[in-house]
Each structure stands twice: as C-alpha cells, then as structure tokens.
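Here is a short tour of one protein, written to be read with the model open beside you. Please keep the sequence at hand as you go.

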Amino acid sequence: GYGLFGRQIPALRNAGVNFVDASSLFEGKPWRDIYSDDCCHFTVHGYHQLHLRIIAAVAEQLQKRGSAK
C-alpha cells in the first residue's frame, strides 16, 4: 500500500522523477468533507484541495526551472 510506495519516494527523486507526496493532504480534516463514500472517491471539496496541491507543486517546479537558467 501507501507505506511501501512511500518508502520508494527517495529512489524516485534520486532517479529524477518529479514526485509530490500528497498522502498527508487530508490529515485532520473531517472525512465527510473530503470523501463521498467510505472507499476512495472525493467530494468536490476534496478534488479542489487536491487540485490546489498539484497546482502548487507544478508552480514550484516551474519556478525552480526558471531560476536555474
């Protein structure tokens, strides 16, 4: 599961993979605000929070690339 995958993050980054670990994004949040069922489907709010995290990660990578020139 996530634990096994999480242990691979350093190797992914060392291999040059742009990887964002968002596994803790919803920690401490009421699950009913994030999930629409008891499985794995997000509510609109959950998707919105994930989208914001992805946008921030992409912007960070673009900024790093821009400042490296």
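A residue is called buried under 20% relative accessible area, exposed over 50% and partly exposed in between, using a 1.4 Å probe and protein chains only. With that in hand, Cys40 is partly exposed at 44% relative accessibility, whereas Cys39 is exposed at 53%. Zero disulfides turn up in a search of the whole structure, a disulfide being a pair of cysteine sulfur atoms within 2.5 Å.

The model is predicted, so local features need pLDDT of at least 70 and side-chain atom pairs count only at pLDDT 80 or more, while totals for chains, interfaces and linings use all residues. Residues are numbered from 1 along each chain as its sequence is written, and side-chain values use heavy atoms, leaving out hydrogens and water.

**Confidence**

The predictor's confidence in each residue, pLDDT, runs from 0 to 100. Its mean for the protein is 90, and 99% of the residues reach 70 or more. Confidence is lowest in α1, with a mean of 84, and highest in α3, at 94. Helices here are DSSP runs (H or I, at least four residues), numbered from the N terminus.

**Aromatic contacts**

Rings of Phe, Tyr and Trp (its six-membered ring) pair if their centres lie within 6.5 Å; planes under 30 degrees apart are stacked, over 60 edge-to-face and the rest tilted. The whole structure has five aromatic pairs, among them these two:

| Pair | Centre to centre | Angle between planes | Class |
|---|---|---|---|
| Phe26 and Phe42 | 5.3 Å | 65° | edge-to-face |
| Phe42 and Tyr47 | 5.2 Å | 90° | edge-to-face |

Phe26 sits in the loop between α2 and α3 (31-34) and Phe42 in the loop between α3 and α4, so their pair ties together parts 16 residues apart in sequence. Phe26 is buried at 14% relative accessible area, while Tyr47 is partly exposed at 40%. Phe26, Tyr35, Phe42 and Tyr47 form one aromatic cluster.

**The largest pocket**

On a 1 Å grid over the protein atoms alone, a pocket is an open set of points with protein on both sides within 12 Å along at least five of seven lines, and lining residues have an atom within 4 Å of a point. The largest pocket has a volume of about 650 Å³. It is lined by 24 residues, and Phe19, Val20, Asp21, Ala22 and Ser23 are the closest to its centre. α1 (2-7), α2 (9-14) and α4 (44-67) are the elements that give two or more residues to this lining, and α4 gives the most, with seven.

Key
1 Å grid on protein atoms, 1.4 Å probe; cavity = no way out; pocket = protein on both sides within 12 Å on 5 of 7 lines; lining within 4 Å. Points joined across faces, edges and corners; volume = space filled by probe spheres on them.
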